[in-house]
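Here's a quick tour of a model with a ligand in it.

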Amino acid sequence: MSEQQMSRRKFMKTTACVAGATLAGRSILLDPGRSYAAPRSVAAGDTVRMGMIGVGMQGSGLLRTSIGLPGVECVAACDLYDGRRELAKEIVDKEIPTTRHYKELLDNKEIDCIVAAVPDHWHKQIVVDCCNAGKDVYCEKPMSHTVADGFEMIAAEQKNNRIVQIGSQRRSSIVYGKAKELYERGVIGQVCLVEALMGRNDPCGAWEYTVPTDLSPETLDWDTWLGTAPRKPFNALHFTRWRCWQDYGEGIPGDLFVHLLTGIHHVAGITAPPKRAFSMGGLFRWQDGRDVPDTLTTVYEYPQFRATLRVTLNTETEEATRFMGTLGMLEIRNDELTVVPQSGVDYEPCTPGWPRKMRTDFAEQWEKEHEPKPATLSTLESTRFYAPPGYDEDREHLWNFFESVRTRRPSVEDATFGNNAALACHLANYSYFNNTVASWDAGKRKISG
Ligand SMILES: NC(=O)c1ccc[n+]([C@@H]2O[C@H](COP(=O)([O-])OP(=O)(O)OC[C@H]3O[C@@H](n4cnc5c(N)ncnc54)[C@H](O)[C@@H]3O)[C@@H](O)[C@H]2O)c1
């Protein structure tokens with residue numbers, strides 16, 4: 001083997017190792033979407049007038065962000081708890097009508113669309129009522145509380161020809177958008193496995209929110225808040241920490257998997273729920289009366305690849321999603337995407353345990369056949385794409401919704417997309433609670449064990 005051959009081959013091997021160690025070679029700043037092209041004026045006639053339903057943890061942020069967008073005005077707000085109606089007025093910073101009865105917003109002709117951030121067991125009824133009242137609606141994730149809910153929501157959206165946008169903001173993120181573009185270009189080859197994970201380690205992260213000090217049956221319409229949930233006497237913990245109970249939420253899948261799943265479905269162009277899911281987890285630490293696990297791993301079967309999702313509320317860990325292909329990996333962490341190319345080929349003859357003569361003879365021939373041609377040598381340099389500091393995908397997502405309302409452009413995350421992600425959450429829970437592999441039957445629209 002010539003010295004030149006040696007050094008060229010060594011070079012390739014070294015660069016491959018560097019790439020394997022995920023050292024970013026280049027960093028590229030991503031261009032944020034149109035919502036960032038501010039200050040962009042919107043013609044007076046194009047102002048979208050929204051009504052807000054649910055002004056809690058998420059709703060208060062959505063309201064603040066919405067009214068900060070050009071051409072968006074909040075004209076009324078609704079919440080069942082007095083403190084949240086007061087908060088709505090504080091955020092909007094002007095006297096707006098507020099009510100405990102959301103149907104008053106649906107009857108209000110001034111209102112073009114609704115942004116709803118209520119607990120999951122209320123999503124279906126509010127979306128269906130909005131569509132039937134002719135209002136477009138942004139509804140928080142996960143879209144549905146039950147399998148049947150999702151199909152009722154799709155039917156209401158389609159029958160009334162309304163814009164329904166589900167609030168999993170990754171669907172509008174520039175980071176996920178870049179990952180999607182590279183995925184579709186085949187940059188990482190055939191993707192066989194996807195993994196997504198996150199971990200928290202604090203009471204707030206485990207949904208142990210502090211009960212508001214004035215919360216009582218006088219300040220909250222508890223009976224209405226219960227909605228479809230079984231009747232029970234006023235319970236301040238259920239109101240404040242509803243994610244801990246299956247009557248209102250879907251535990252880890254509905255709260256956290258759904259974001260990871262939305263990212264995976266978006267990037268990989270998934271348009272159906274996974275075929276099967278198997279979950280393993282447990283309730284180890286947060287013995288506060290909750291009936292959902294605090295640790296969960298689910299393996300999903302998608303036709304094109306398998307996916308593993310893992311979330312724990314007991315240890316702080318990185319949040320990452322990795323698409324693993326035959327030509328490398330796309331890794332998303334927070335507001336960054338790293339592309340780690342891999343050649344998928346041997347860099348030296350693969351002759352483990354061969355005697356010397358046989359090995360060297362084979363190597364000589366192999367080197368001849370595998371010598372890279374001049375000008376075909378490419379380095380395996382990883383590339384990092386990152387969003388600008390302060391980038392907010394919620395803002396992008398809301399902007400997309402209001403643009404759809406304004407222009408009738410189809411929703412970027414319609415009820416069908418939202419339903420597929422939500423069904424993946426229901427599959428994970430079905431498997432966990434029934435201790436079985438959960439299968440999706442598309443014909444019957446049912447999960448079975
Ligand atoms: N996209 C995200 O990143 C994100 C983050 C957090 C929460 N969420 C979602 O947002 C939704 C709300 O979560 P949250 O943490 O803000 O809950 P929250 O309990 O803090 O707030 C919900 C509010 O809705 C009100 N409400 C409930 N039913 C109502 C009804 N029928 N009419 C009027 N008001 C009603 C409650 O009184 C409460 O003030 C959930 O679906 C959750 O999954 C999404």
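## The sheet

Six strands make an open sheet in the order β4-β3-β2-β5-β6-β7, and the pairing is parallel. At the edges you'll find β4 (98-99) and β7 (164-167), each pairing on one side only. Strands here are DSSP runs of E, at least two residues long, numbered from the N terminus, and two of them pair if DSSP finds at least two bridges between them.

Strands β2 (residues 48-53) and β3 (residues 72-78) run parallel, joined by 6 bridges. V48 stands opposite V72 in β3.

## A note on the model

This is a predicted model, with local features needing pLDDT of at least 70 and side-chain atom pairs pLDDT 80 or more, while totals for chains, interfaces and linings use all residues. Numbering starts from 1 along each chain as its sequence is written, and side-chain values use heavy atoms, leaving out hydrogens and water.

## Around the ligand

So who's around the ligand? The shell has 27 residues, with Q58, D79, D120, H123 and R243 the closest; a residue counts if one of its heavy atoms lies within 4 Å. They split into 13 nonpolar, 8 polar (Gly is put here) and 6 charged (Asp, Glu, Lys and Arg). Helix α2 (residues 57-67) gives the largest share, 3 residues; a helix is a DSSP run of H or I, at least four residues.

## Polar contacts

A polar contact is a pair of N or O atoms within 3.5 Å. The side chain of D79 has an N or O atom 2.5 Å from a ligand oxygen. For H123, a polar side-chain atom is 2.8 Å from an oxygen of the ligand, and for W242 the distance is 3.0 Å.

Definitions and conventions. Polar contact = N/O pair within 3.5 Å; in protein donor to acceptor, adjacent residues only side chain to side chain.
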